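Here are my notes on the model you sent over. Have it open while you read, and go through the points in order.

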Amino acid sequence: MTDEILKTTPLNAAHRALGARMVGFSGYDMPVQYEGVLAEHRWTREHAGLFDVSHMGQCKATMRS
């Protein structure tokens, strides 16, 4: 176990409110599972799925002379 302070995404509170099991991933507090693999598979096949990508891309502005 590490004492690393994890960053959060804009959807973090929603993931937690929905009961997600959260883990550290690439420096972020991310959901890995809600009800279980089979239940999530069925839901996605019958309805729709959402993947939180807000931790994947970061832009850094630089000034050029």
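1. Leu-6 lies in the segment before α1; helices here are DSSP runs of H or I with at least four residues, strands are runs of E with at least two, and both are numbered from the N terminus. At 28% relative accessibility, Leu-6 comes out as partly exposed, a label for the range between buried (under 20% relative accessible area) and exposed (over 50%), using a 1.4 Å probe and protein chains only.

2. This is a predicted model, where local features need pLDDT of at least 70, side-chain atom pairs count only at pLDDT 80 or more, and totals for chains, interfaces and linings use all residues. Residues are numbered from 1 along each chain as its sequence is written, and side-chain values use heavy atoms, with hydrogens and water left out.

3. What does Leu-6 touch, leaving aside neighbours within four places in sequence? Its contacts (heavy atoms within 4.5 Å) are Gly-24, Gly-27, Tyr-28 and Asp-29.

4. Phe-25 stands opposite Tyr-28 in β2. Two residues separate the strands, and Ser-26 takes a positive phi near 55° in this hairpin.

5. Have a look at Asn-12 too, in helix α1 (residues 12–17). Asn-12 counts as buried because its relative accessibility is 9%. Not counting residues up to four places away in sequence, Asn-12 touches Met-22 and Asp-29.

Conventions. Pairing = 2+ DSSP bridges.
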